[in-house]
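Here is a quick tour of a two-chain model, written for someone who likes to know the cut-offs. Have the viewer open while you read.

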Amino acid sequence: MPPMRHLSTLLLLVCLCTGAMAQSYSIKGTVADTLNDNKLPNACITVMRARDSVMESFTRTKEDGSFSVKTKAKGKYLIMATFPGLADYVDIIEIKDDAPFDMGLVPMVSKTHLLQEFVLTQQYAAIKVKGDTIEYLADSFKTRDNATVEALLKKLPGIQVDKNGQIVAQGEKVQKVLVDGEEFFTDDPAVVTKSLQAKAVDKVQVFDKKSEQAEFTGIDDGEKTRTINLQLKDDKKKGYFGKIIAGGGTGDQQSFFENQAMFNAFKGKRKLSAFGIMANTGKVGLGWEDRDKFGGGGGGVTEVTDDGGIMTYYNSDDDDFESWSGTYNGQGLPRAWTGGLHYSNKWKQDKHHLGGNYRYGKQDIETTTNTLTEYSLPNDKKNFNRQTKDVYSVGQRHRGDGLYEWKMDSTSTLKVTANAGYSNTKSTSVYNADNRNELDSLLSTNDRRVTSDATTKSINSTLDWRKKFKKKGRTISVNISENYRETMSDGLLLSTNILYERDSNTGSLLSTKRDETDQQKQNENTTLSLSSRLSYTEPLSKVTFLEVNYAFKVDNNSSKRETYNKKNPLGDVYDTLDSTFSNNYAFNIMTHTGGSNLRFMFKKINFSFGGSVSNAAFQQKDQMPDTSYNYNFTNFFPKANFQYSISKQSRIRFDYNGSTRQPTIEQIQPLRNNLDPLNIAIGNAALTQEFRHNLRLSFNDYKMLTNRYIWASVSMNLIDNAISRSENIDAIGRRTYQYINVDGNYSGWGYISYGTKIKALNLHTGIHANVNVNHINNIVNGRKNISDNNTYTLGLDFSYDSENEKFSISYDPSVSYNDNKSTINTQTTSFWTTEQELEMSYELPWKFEVGTDINWYIREKTSVFDRNNNVFKWNAYVSKKFLKNDQLELRMSMFDILNQNLGFYRYAQNNYVTEDNYNTIRRYGLLSLTWNFTKSAAGVPQQESNIIITP
Amino acid sequence: MKRILVTISTLLLTISATAQYTVQGKIEYEKKVNLQRIMDDLDEEQKEWMERFRSQLPKFTTTYFDLYFNASKSLYKPGREVEGNTKLWFAQSPASENIVLTDFKTERVKANKQVFEQKFLVEDSMRQIEWKISDEIRTIANYKCRKAVGKILDSVYVVAFYTEDIMVSGGPEMFSGLPGMILQIAIPRLNTTWIATKIDVVAPKESDFTISDKGKKVNQKELYDNLRESLKDWKKYADKNIWWSML
């Protein structure tokens with residue numbers, strides 16, 4: 001007996017212990033269908049905290065309908081019992097002590113469907129009844145400024161809002177609030193009505209939403225939810241933003257200025273923007289960052305591609321006034337004035353889209369270029385050409401464009417665009433050149449002054465129609481376009497050539513010949529082309545797609561060049577037509593192109609092959625001596641590509657493109673020209689087409705979590721029957737050239753880069769290598785020559801950002817080796833160049849920021865190119881931000897502190913190497929003030945502005 | 001007449017009282033990501049760029065998932081392929097092809113998650129969510145569902161519709177713990193919904209519950225810490241990618 005007692009004491013202790021560890025309270029009862037007196041098994045019992053309806057626990061009833069469920073704390077609970085087909089049972093209980101709470105019998109009854117119909121007692125003009133929907137026009141009910149939707153709803157007859165934000169419409173609780181038909185606009189309907197501004201709402205619609213199933217099947221299952229939909233106004237978002245930058249300073253060459261103003265006002269889908277820029281610091285237009293905001297996209301076309309990428313392409317044909325980055329990339333000192341206006345609007349759920357742009361640009365450029373060219377000739381002979389070129393040009397441009405896009409229905413779109421442009425460029429160029437041989441004996445000199453006043457007018461338009469069919473992948477598109485361009489120029493050519501004839505053995509001067517030209521040149525070119533293209537895609541299976549296309553194009557060109565001499569050399573009237581250098585041609589080209597492409601799309605592998613054939617009938621008509629030539633070309637364009645997605649971040653791709661290239665008319669039948677008397681072209685009627693093969697293989701692999709990437713690409717161009725040159729350089733350095741067909745030409749490049757992040761140092765590092773090869777066959781003074789011009793580059797990059805983002809630094813050094821050989825000459829020209837870039841910025845207290853960047857170029861001299869081209873370009877700035885949101889910024893910057901900047905370009909091709917030195921912007925200091933302003937009256941609550949980015 | 005009605009209704013009630021609950025089967029979920037809403041989340045200036053191709057985008061990207069379940073476990077995995085589904089680079093999210101095995105007996109979950117280049121094998125106990133039950137009812141795939149709202153990762157709201165008529169406390173991804181099967185999930189901040197479109201009441205085979213043991217072993221907390229650290233440089237773009245990976 002005693003041991004038994006011990007045991008029971010022990011058991012009791014164990015029970016107490018467990019009870020103390022996790023205190024719990026139980027609720028029990030039995031669920032029954034009272035009507036039929038059935039005990040209900042598997043009924044669901046859910047226990048919720050009474051104060052916030054948070055679920056505490058749940059259970060299912062046993063076979064006999066009994067249940068027992070636990071809670072963690074005392075207090076008030078909602079007990080919900082549910083059973084299919086029976087009305088839900090909800091009761092509130094309070095657990096006050098440790099004893100199990102017995103609910104006894106939980107009675108459940110069958111559901112009674114009570115259809116609540118409401119009667120509209122009052123009719124307001126502002127209220128419409130559309131079928132089952134009651135619609136209120138929000139603006140008809142006055143609310144205070146900044147009133148919320150809740151305040152608006154309170155004003156609407158038939159709608160009540162209680163203090164908890166619960167809405168009752170026509171006597172029934174509203175369970176859903178949609179915004180523009182969207183259910184999960186935010187997490188909580190009360191949030192919508194409290195945060196959304198009443199002004200943003202166009203209509204309030206009250207209706208009973210059918211269940212999703214009923215909407216899907218069309219069969220009404222009687223399940224309805226009283227719902228309010230807030231239809232937002234189209235102009236819910238309205239406001240403006242912009243910036244003004246004023247900057248001025250002084251430098252060694254001139255005083256500098258950089259002023260910019262840009263503004264964008266938007267109201268819903270309507271957008272109006274304007275900008276103006278005037279600067280002589282190299283800023284010539286909106287950069288890509290500002291172009292979307294203020295320039296209406298700059299005419300670029302953005303498309304979603306088949307594989308889900310987004311591609312933007314710019315038609316750069318007539319955009320010589322603006323570069324992608326918005327900075328001047330050319331030579332010399334530019335002064336630019338640019339301005340633009342943009343308007344666009346969309347309406348009827350974006351079905352209609354209208355847009356227009358106007359641009360004005362003016363640029364003055366002063367350029368001085370010194371060029372030295374080294375020609376390799378047979379028998380270790382050389383030829384050196386030194387030239388100085390001074391150009392001053394003033395260009396002005398106007399351009400207007402318009403776009404209308406109409407989404408006719410969900411499957412078809414019509415798009416019409418038109419643009420017109422006018423530009424005028426006046427320029428004066430002065431050339432001084434001399435030509436010497438390897439013994440430094442003067443062979444010839446040339447002094448030339450060319451003036452030109454050229455005006456171009458253009459009108460282009462396109463019409464695009466696309467339709468997608470019900471069958472996925474079946475599409476048809478029609479494109480019609482028109483291009484017209486007219487260029488007229490008028491200019492003078494004043495040139496003096498002195499030729500020094502030397503004995504080919506002794507080099508002694510035999511005679512000099514002087515030759516002067518004083519002529520007026522008037523040129524007129526017009527081009528009108530009309531083209532149309534039809535393309536159709538058809539899915540042959542789930543993974544196979546066939547595309548066929550046909551295009552037809554007609555070009556009508558006329559080219560008139562007239563040269564006039566003075567009858568009286570001392571007068572200033574050019575009154576005699578010089579027929580040698582005058583001509584008048586008409587070209588007509590008619591091209592038919594047909595193509596087809598077969599594409600296979602699998603989950604990981606994607607490949608396609610196909611091609612097109614085009615036939616061009618070319619007619620050249622000489623209007624002065626009335627003769628005409630006819631040519632007929634057939635071009636082939638085979639292509640193939642293969643892509644394998646190894647994983648989402650890793651893919652390999654191979655592309656092949658083949659194309660025939662026809663000789664140009666200039667190559668077959670050159671027009672006589674005396675602009676450059678030391679370079680004379682001879683036609684070759686036997687010249688035939690060349691065929692180019694382009695092969696490209698690329699691989700990329702990016703690891704997002706470790707920040708490691710590998711990109712590699714190789715491209716090869718093989719040219720069969722390449723159009724190359726045969727040159728003859730005579731003893732006085734005069735070049736006569738003719739185009740010929742040769743075999744064995746190729747060019748190629750390779751690129752590989754690898755980067756990773758060193759986590760411990762928070763340092764991104766990378767290494768990259770490039771190779772460029774060019775292998776060209778040509779003929780020099782009757783001898784076959786093979787030139788190899790190769791470049792090899794190796795670079796590193798490092799970048800570091802401090803944890804708090806206040807300090808950042810990057811350093812990118814690279815080194816290149818350039819190697820040029822020609823078989824006609826034993827000498828080679830090889831040189832090293834290095835480039836190092838260092839950038840740093842640091843945010844100081846009181847919103848001060850300092851930054852600096854250095855570009856250090858070291859370029860090896862050669863025996864011929866012995867000028868010092870090393871540059872240490874050092875820029876620095878200090879800035880301070882003011883006002884709320886850093887709206888105002890004062891910045892003092894210094895460009896090229898050591899005054900070393902230099903324009904430099906050295907390149908090699910065939911048997912010659914050229915080096916250009918040109919003037920460019922050098923040291924200046926600039927003080928500038930930037931004001932960013934923004935005002936937005938958005939009615940929609942601000943959401944997180946996060947997007948998911950994967951490459 | 002009245003008597004007949006009473007008889008019929010009694011008959012119906014008797015049937016329903018003894019009606020079998022669903023305890024096993026296969027659910028097909030349709031997952032929809034609202035692309036247009038992703039763009040609404042952008043700030044005004046980014047939107048200027050997006051506006052240029054907005055009209056070319058579909059409203060949603062749709063994918064399908066299957067959930068096999070019985071009383072003791074469930075397996076969630078990618079389902080049928082959608083033909084010609086545009087895979088937009090900016091709408092792609094990590095961990096969008098998860099396989100999740102939930103064991104209701106041991107209260108453990110195991111998941112294969114491909115987060116960018118890294119394959120994770122997540123092993124953890126079933127997620128505890130504080131669900132707020134509401135009285136909103138809707139019918140999904142012929143099941144009466146009740147709404148519950150919960151929160152994960154401290155700030156991401158989850159709206160769930162569950163049915164008590166399926167006696168398994170499971171759901172898509174790692175969502176579970178309600179007094180019945182979750183037939184719809186909406187995550188407003190990810191502009192995404194999962195909704196059951198088809199339910200087959202057939203016993204799943206044991207082979208339907210297979211899951212690979214490959215991948216870097218982590219629990220949910222370790223996965224979170226790992227991604228926080230790895231995506232440190234992504235600044236504000238990190239959050240959504242982490243949320244996607246933690247579902």
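What follows goes through chain A, then the strands and helices of chain B.

This is a predicted model, in which local features need pLDDT of at least 70 and side-chain atom pairs count only at pLDDT 80 or more, while totals for chains, interfaces and linings use all residues. Residues are numbered from 1 along each chain as its sequence is written, and chains are lettered from A and ligands numbered from 1 in the order in which they are written.

**Chain A**

The secondary structure of chain A comes to 6 helices and 50 strands; these are DSSP runs numbered from the N terminus, with helices being H or I of at least four residues and strands being E of at least two. Of the 951 residues in this chain, 19% are buried, where buried takes 20 or more other C-beta atoms within 10 Å of a residue's own, exposed 12 or fewer, and partly exposed is in between, with C-beta atoms placed from the backbone. Look at contacts with a separation of 6 or more in chain A, and 60% of them come from residues 24 or more positions apart; a contact needs C-beta atoms, placed from the backbone, within 7 Å.

One open sheet in chain A has 4 strands in the order β4-β3-β6-β7, with antiparallel pairing. Strands pair if DSSP finds at least two bridges between them. At the edges stand β4 (55-60) and β7 (89-95) of chain A, each with a single partner strand, so one side of each has no neighbour in the sheet. From one strand to the next, the twist averages 20 degrees. Axes here are lines fitted to C-alpha atoms, for helices over the stretch in contact, and angles run from 0 to 180 degrees between N-to-C directions.

Then there's A:Trp832, which sits in strand β44 (residues 829-844) of chain A. It counts as exposed because it has 11 C-beta neighbours inside 10 Å. Leaving out residues up to four places away in sequence, A:Trp832 touches A:Val815, A:Ser816, A:Tyr817 and A:Glu860. A:Val773 is 59 residues from A:Trp832 in sequence and 16 Å from it in space, C-alpha to C-alpha.

**Strand pairs**

| Pair | Bridges | Residues standing opposite |
|---|---|---|
| β3 (residues 44-49) and β6 (residues 75-82) of chain A | 6 bridges | A:Met48 and A:Leu78 |
| β1 (residues 25-34) and β2 (residues 60-69) of chain B | 10 bridges | B:Lys31 and B:Thr63 |
| β2(B) and β3 (residues 73-78) of chain B | 5 bridges | B:Tyr68 and B:Leu75 |

A hairpin through 3 residues joins β2(B) to β3(B).

**Helices in chain B**

How do α4 (residues 220-230) and α5 (residues 238-246) of chain B pack? Their angle is about 155 degrees and their axes are 10 Å apart. The contact is made by B:Gln220, B:Leu223, B:Tyr224, B:Leu227 and B:Arg228 of α4(B), with B:Ile242, B:Ser245 and B:Met246 from α5(B).

As for cover, α5(B) has 7 of its 9 residues buried, among them B:Trp243 and B:Trp244. The buried residues of α5(B) pack against β5 (108-115), β9 (156-163) and α4 of chain B.

Technical notes
Two residues are in contact if their C-beta atoms, placed from the backbone, lie within 7 Å.
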